[in-house]
Amino acid sequence: MKKIFMCVLAAFALTAVAEKPNILFIFTDDHATQAVSAYGGRLKDVAPTPHLDSIAKEGMLFKRCMVTNSICGPSRATILTGKYSHLNGFMTNETTRFDGSQQTFPKLLQKLGYQTSVIGKWHLGSEPTGFDHWEVLPGQGSYYNPDFKTPNGKIKVEGYCTEVVTDKALKWLHQQRDKSKPFMLMMQHKAPHRDWSPAIKYLNAYDDVTIPEPDTLFDSYEGRGRAAKEQDMTIHVTMQMASDLKVKEFDRKGRLARKLKRMTPEQLKAWDAAYGPKNARLIKDKPKGKDLIRWKYQRYLKDYLRCIKSVDESAGRVLKYLKENDLEKNTVVIYSSDQGFYLGEHGWFDKRFMYDESYRTPLLIKWPGKVKPGSINSQLVSNLDFAQTFLEIAGAEQPKDMQGMSLVPILKGQTVQNWRKTHYYHYYEFPGWHMVQRHEGVYDGRYKLMYFYDIDEWELYDLHSDPKEMKNQYNNPEFAAEVKRLKEELNSLRAEHKVPENVIKDVSNPDKKYVFNDKPEGFE
Ligand code: SGN
Ligand code: CA
């Protein structure tokens, strides 16, 4: 009898090991919460994202997932290490290569018997470490017929990047992994990154709709400081008619032509058929001033949302695969992006600032049987928390030197005493693309204090009364108590997170020449 009992117990233990949850991390580049319909917002009816929304519907939507440093490589490095940029060493896109010899969550999962894989955008300079399988885009990667770096060298694949990455992810899931082990797959899209190039089949999507504009499209930056006024990321001046907006007639530098060289004759034909007539109409109408900005906004948003359409479809395909292959129940699915993005808010595109649209990133997690379907969480969570979350899901110890907090208790609906009440932010890349001043700051879910230290300017926003962050209250005596409190909090967060005093010097690349835009393109 005892023997039988022991056997049953052993079998039980074996199943328990075999049934460690799988982790599917679906990640994009520059996908703003404004363009995920589950978040509501002005685009939800014109460009819904049903498959991404289904993750929220079956799981949890995080309303306040804040990034540590709103830029690609640094965000990815934070996710892998569970550490702020100053500790993982990857502070800007431009000057650093990720030190792949350091501790990362995929390496720790491997030790626990997980099969790990990363497919798609990587953007960390060095080669991936801690992955049983990797196929990554070199640098930013290409939308059409992308190249991939693999352990066996470079390959070129015909097709649209989002679809190619999805095909590769499905192939790994179905044919290439060791099915006796749990998996952790990072499917990381290039989309919807600049220059927002859509799949051929979606080149005409949204042709007949008008995309709603944000109230702040014509922001004059009054009531804010120098950083907001002096950036180089407006739709008006910075956005390029040819390379960004696909108007060949403006391609004086030949950048667009160079990009189109990657396409096959059939792709190019479809591309010309889609953009040609619309461009001809533009050249005939010659809109000027605000009308031209409005036109640019429409073209930009339509292309961006067309890219999202493929991302949503990709999520749908992998979710369907899980369902049809009996993997749905035991797989945690996470959707997120490396940061948010400006979709015309403040007249901008790009990211970097600690203002809401780029500081906040989408986070949707489903975990069947553990997360209550349709839950919404408003606590301050961060991409700093992902590594520890994945480790706890896998039943691993959380290393003491990681700086985040596991989201598992929140996912299980438990009330967590001592959850963070404030979040620390630090952006380092200046001078650089888009010329956003370096800054650090603290956010408590209502007030946000930012310090642009190279120009010694502070900003304070009250997001309850001013959710669009249009009025800097730093010098308003009515907010003196908040300023004092948040300055103390900033100091204490700097100490807690071991931010060295001197780290803020010495990170820009003095040899790099940045091209600044000072004149809007247009019609005479
Ligand atoms: C490119 C883009 C920039 C963008 C950076 C960083 N210019 O340099 O607009 O801010 O990437 O983006 S482009 O003309 O080459 O598209 S990130 O997502 O990799 O951080
Ligand atoms: Ca990005």
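Predicted model: local features only at pLDDT ≥ 70, side-chain atom pairs only at ≥ 80, totals over all residues.

Colleague: Which ring does Phe-131 pair with, and in what geometry?

Modeller: Its partner is Trp-122. The ring centres are 5.9 Å apart and the planes stand at 90°, so the pair is edge-to-face.

Colleague: And Trp-122, buried or exposed?

Modeller: Buried, at 5% relative accessibility.

Colleague: How many aromatic pairs are there?

Modeller: The count comes to 30 aromatic pairs. Trp-122 with Phe-131 is edge-to-face, because their planes are at 90° and anything over 60 degrees falls in that class. Tyr-300 and Phe-349 make another edge-to-face pair, because their planes are at 70°, with the centres 6.4 Å apart.

Colleague: Where do Tyr-300 and Phe-349 lie?

Modeller: Tyr-300 is in helix H10, residues 289-324. Phe-349 is in the loop between S9 and H11. So the pair ties together parts that are 49 residues apart in sequence.

Colleague: How accessible is Tyr-300? And Phe-349?

Modeller: Tyr-300 is buried at 1% relative accessibility. Phe-349 is buried too, with a relative accessible area of 0%.

Colleague: Which residues form the aromatic cluster?

Modeller: One cluster is made up of Tyr-221, Tyr-342, Trp-348, Phe-353, Tyr-355, Phe-452 and Tyr-461.

Colleague: What about charges over rings? Which ring does Lys-487 sit over?

Modeller: The ring of Trp-458, with the charged end of Lys-487 4.3 Å from the ring centre. Lys-309 has its charged end over the ring of Tyr-202, 5.3 Å from the centre.

Colleague: Asp-29, buried or exposed? And Asp-338?

Modeller: Asp-29 is buried, at 0% relative accessible area. Asp-338 is also buried, at 0% relative accessibility.

Colleague: Now some single residues. Where is Gly-344?

Modeller: Gly-344 is in the loop between S9 and H11. Its relative accessible area is 0%, so it is buried.

Colleague: What does Gly-344 touch beyond four places in sequence?

Modeller: Pro-214, Thr-216, Leu-217, Ile-235, Tyr-297 and Tyr-300. Phe-390 is another matter: it is 46 residues from Gly-344 along the chain, and their C-alpha atoms are separated by 34 Å.

Colleague: And Asn-69? Where is that one found?

Modeller: In the loop between strand S3 (65-66) and helix H3 (72-81). Asn-69 is buried, at 0% relative accessible area.

Colleague: What lies 3.1 Å from a polar atom of the Asn-69 side chain?

Modeller: The backbone oxygen of Met-91. Asn-69 also touches other residues outside its sequence neighbourhood, including Tyr-425, His-426, Tyr-427 and Tyr-428.

Colleague: One more loop. Where does Pro-182 go?

Modeller: Between helix H6 (161-176) and strand S8 (183-188), in the loop. Pro-182 counts as buried, at 7% relative accessibility.

Colleague: How far is Pro-182 from Gly-113?

Modeller: They are 69 residues apart in sequence and 7.2 Å apart in space, C-alpha to C-alpha. Gly-113 is among the contacts of Pro-182, and so are Lys-20, Pro-21, Asn-22, Tyr-114 and Gln-115.

Colleague: Last one, Thr-104. Which residues does it touch?

Modeller: Leu-80, Thr-81 and Phe-98, leaving out residues up to four places away in sequence. Thr-104 is in the loop between helix H4 (85-88) and helix H5 (105-111). At 2% relative accessibility, Thr-104 counts as buried.

Technical notes. Residues numbered from 1 in each chain as written. Chains lettered and ligands numbered in written order. Heavy atoms only, no water. Buried < 20%, exposed > 50% of the residue type's maximum accessible area, 1.4 Å probe, protein only. Phe/Tyr/Trp six-rings, centres within 6.5 Å; stacked < 30°, edge-to-face > 60°. Helix = DSSP H or I, 4+ residues; strand = E, 2+ residues; numbered from the N terminus. Lys NZ or Arg CZ within 6 Å of the ring centre and 35° of its normal. Contact = heavy atoms within 4.5 Å. Polar contact = N/O pair within 3.5 Å; in protein donor to acceptor, adjacent residues only side chain to side chain.
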